[in-house]
Each structure stands twice: as C-alpha cells, then as structure tokens.
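This briefing goes through one protein chain by topic. Please keep the sequence and the 3D view open while reading.

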Amino acid sequence: MSDISPMEIPAAPPAKEYLQRGTASYRRASLALFLSGFSTFSLLYCVQPLLPIFADEFSVSPAESSLALSLSTGFLAIAIICAAIISEGLGRRSLMSISLVGAAALTIAAAFVPDWHLLLVVRALQGFVLGGVPAVAMAYLAEEIDPRGLGATMGLYVGGTAFGGMSGRVLTGILAQYLTWRPAMFLIGATGLVAAAGFIALLPASRNFIRRPGFDPKFHLKAWLAHMRNPALPFIFAIAFLAMGSFVTVYNYAGFRLVAAPYGLTQSELGLIFTVYLFGIGASSLGGLLGDRFGHFAVLLTGIAITAVGAALTLSAFLPVIIFGIVVLTSGFFMSHSIASGLVGKLARGTKGHASSLYMLGYYVGSSVMGSAGGWFFAIEGWTAVVYFTLAMLALAFAAACAARSFSRRKF
C-alpha cells in the first residue's frame, strides 16, 4: 500500500480547451477577430487620403499634415508594449473591447475638433488606444485556437486588417469628396462602433488565459528578455520590421511616381490603387491555410520571395506592369505577415502577449523608420533606388526566415 495520501499527490494542470476548427465557437472567434482587424486599420489609416485637405483647411505644410497619421502610428507602437502589460491583468477580451470602442469614439470626436493642434491630440490618443488590439489579438488566437487551425484564423485576422486598411483609405476619400472630411470621419467612426459591437457580441470568453493581477515590472522585463533569448523569435521580429518597412516604402513613394509624367494619374485614380488590398485579404487567408498544410516556414519564405518579385516588377515603365507588380507585392506581403504572426504564438514559450507585442513593435517601427528612409533614396536616385532599397530589406527578411527555421526546435 502506498505511503502517499491522495492529498499529497500534486494535481495535474488542467487540460487546455482549444476552439476547434469547424465548431460554432471557432467561427465566431474568427469573425470577431476579422472585425477587430478591420476596425483597427480602417480607423488608423482613414486620414491618409485627407492629408491634402488638412493642409489646405488648416494652412499647414504637407509634412505637418502627415502628422495626423504618423502620430497615430508612433503612439500605437508605444502602446503595444503597454498593452502587453495591461492585458495580463485586465484580460485579452476586455482590453480589445475597450480599445475598439475608445478608438471609434475618438474618430467621431475628431470630426468635430475646431483646430489643427486638437486634431493631432485626438489622433495621438487614438493611436495609443488602438495599441490594445494588434498584439493582444495575436496572443488571444495563440492561446485559444487549436494549433492545427491557428494559421487559418490568423490569416483571416490579417485579412481583416488588409480590408480595414483599404476601406479606411478608399471610403474616406470618396466620402470626403461628396460630404467633406468631417462627415466622412464621423461615418468611419460610426462604422468602427458597429464593428466593435459585433466583436464584443461574437468573441468567446478566454478559456486558457491566466490572469496576473497587479503590476510587477520584473515579471514583464523577464518575459520580454526571455523571448529575445529564444533562438528563433528575434528573427521573426526582424521579419516584421523588414517586411513592413519594404511594403510601406513602396506604397509611400509609388504615388509620387505615378502622379508625375509620363503617367499623370489623378488623385482619384491613385486612390483606386488601394483596392489591391483585396488581393492581400485573399493572400493572407490562403497563406494561413497553406501554412497549416505544407509548413509555415516554407510558406513564409515563399511569401517573402513573392513580395520581392512584385517590387522588381514595378521597375517597368509600362503602367499595367507597375500596377500588377503592386498587386504581387501586396499579396506576398500579407501572406508573409499572416504566417509570421502565427509563428510568434507557436514559437513563444509562455507569455504570448509579450511575444506578440515585440513582433508588433518591430512591425510599426519598421513602418515608421524604413518608410521614411525610403524617401532619401527617392530624393537622390528616384524610383529605381527605392526598389533596390526594398529588395535589400526583403533579402535580409528572407535570410532572417531561414535563420528562424534553422534555430526552431519544432517543425512548422
């Protein structure tokens, strides 16, 4: 007879209850995360087509008008780190819900601001509030979705971000042309509120999240350092920085090339190019499905290579080939991003919210730093230099993906 009493036997940790592909809860979670991606990026990028209008109405320079967007993305990058800390105590679902409602309300408020500086304050606050969504959404998916179906769900979330990024740019530009920018901002904010309500109604409660009440700086610092010591994860963070930097660089300066001779596109025609984000929606979902079936690193490398091919195609002087190149680049980027996002959750050993925050930090810093650096190349040597700069970043991203695959101890 054993000398150990039943009370002395350590309890086994509870089995994780994942959302299984094909179930109603899985479909609800997928749709909810699609709505969160749509709302986040439509609210974030809705001001991009309005920058010339801001410059005229508020009598500011084009560079100053760009602050309406750059302040939001800059504060978003900062907020992502804070969001990882807050979500450990507040919960993933609660933080995302508060962020989506708050950002939509601030967009509506921006439609009524009387002066330029107050508009910038509102946009900065909006970027900070939105930081509660991107990194936390990735952590929720990694914790709650069955790993066998994670790629498909992550792809759908990234597809929502692509659809939101396109809608925010295209719809706001069209609405502003007919209604002026203030009603346009109001309607985009109202749409964000509807999306937030759908998200709250649809997203299942967390099953595997363990709340950590209080604030322990040592715990968070230890968590971030642990992820940086992971042999594979820093290379995934580098891919976020480089891939997003290359993508934004092309989009930032393609417009300058296409409105000039010999193409001479109007602003409306240029705005329609943003509809190629639709290809990003399909590519992100397809990339997730292919990753689940054929291996995530294999699809990641393919996506980066496709992005490079698209960038190279834009060197053509023939307008249809340039537009086709942007389509290919967009498809490859969103395929890569959906796979890299999913790999963060798979490779992270605990504290997945902290790992996701580092990935998204690299993503937005790459957008700001490398997107701006591309302007130096454009000013010196024109579009050819921009493409070479983009291809150099993508070559480094490809090398980082190879290194991450080599250092990974698990097969994805």
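Tyr364 touches Phe41, Leu44, Leu76, Ala77, Ile80 and Pro134, with residues up to four places away in sequence not counted; contact means heavy atoms within 4.5 Å. The model is predicted, so to speak of local features requires pLDDT of at least 70, side-chain atom pairs count only at pLDDT 80 or more, and totals for chains, interfaces and linings use all residues. Residues are numbered from 1 along each chain as its sequence is written, and side-chain values use heavy atoms, with hydrogens and water left out.

**Chain overview**

- The chain has 17 helices and 0 strands; both are DSSP runs numbered from the N terminus, helices being H or I with at least four residues and strands E with at least two.
- Of the 412 residues in the chain, 56% are buried. Buried means under 20% relative accessible area, exposed means over 50%, and partly exposed is in between, using a 1.4 Å probe and protein chains only.
- Taking contacts between residues at least 6 apart in sequence, 84% join residues at least 24 apart.

**Nonpolar core**

- The largest nonpolar core holds 121 residues, and Tyr364 is among those with the most contacts inside it, as are Leu33, Phe54, Ile236, Phe247, Leu300 and Tyr359. Such a core is a set of buried Ala, Val, Leu, Ile, Met, Phe, Trp, Tyr and Cys residues joined through side-chain atoms within 4.5 Å.
- Helix 11 (residues 233-259) contributes the most to this core, with 15 residues.
- The core lies between domain 1 (24-204) and domain 2 (215-411), because both give residues to it. The domain bounds come from an automatic or database domain assignment.

**Ser72 in helix 4**

- Ser72 sits in helix 4 (residues 67-90) and counts as buried, at 0% relative accessibility.
- A polar atom of the Ser72 side chain lies 2.8 Å from the backbone oxygen of Arg123. A polar contact is a pair of N or O atoms within 3.5 Å; within protein, one must be able to donate a hydrogen and the other to accept it, and residues adjacent in sequence count only if both atoms are side-chain atoms.
- Apart from neighbours within four places in sequence, Ser72 contacts Leu44, Leu67, Arg123, Ala124, Gln126 and Gly127.

- Gly160 belongs to helix 8 and is buried at 0% relative accessibility.
- Between the C-alpha atoms of Gly160 and Thr40 there are 9.1 Å in space, while the two residues are 120 residues apart in sequence.
- With residues up to four places away in sequence left out, Gly160 touches Phe34, Gly37 and Phe38.
- Thr161 is also placed in helix 8 (residues 150-179), and its relative accessibility of 4% counts as buried.
- Thr161 and Ser39 are 122 residues apart along the chain, with 7.8 Å between their C-alpha atoms.
- Beyond its neighbours within four places in sequence, Thr161 is in contact with Gly37, Phe38, Phe41 and Phe334.

**His337 in helix 15**

- His337 is part of helix 15 (residues 319-347) and is buried, at 7% relative accessibility.
- Setting aside neighbours within four places in sequence, His337 contacts Val158, Tyr359 and Tyr363.

**Helix 14 against helix 17**

- Helix 14 (residues 296-313) and helix 17 (residues 383-407) have axes that come within 10 Å and cross at roughly 170°, which makes the two helices roughly antiparallel.
- Residues making this contact include Leu300, Ile304 and Ala308 of helix 14 and Leu391, Leu394 and Phe398 of helix 17.
- Axes are lines fitted to C-alpha atoms, for helices over the stretch in contact, and angles between N-to-C directions run from 0 to 180 degrees. Angles over 145 degrees count as roughly antiparallel, under 35 as roughly parallel, 65 to 115 as roughly perpendicular, and the rest as oblique.
- Ala312 lies in helix 14 and is partly exposed, at 34% relative accessibility.
- Ala312 touches Val387 and Leu391, not counting residues up to four places away in sequence.

**Positive phi in loops**

- Most residues other than glycine have a negative phi.
- Ser59, not a glycine, has a positive phi of about 55°; this residue lies in the loop between helix 2 (51-57) and helix 3 (62-65) and is exposed, with a relative accessible area of 66%.
- Thr180, likewise not a glycine, has a positive phi of about 75° and is found in the loop between helix 8 and helix 9 (181-202).
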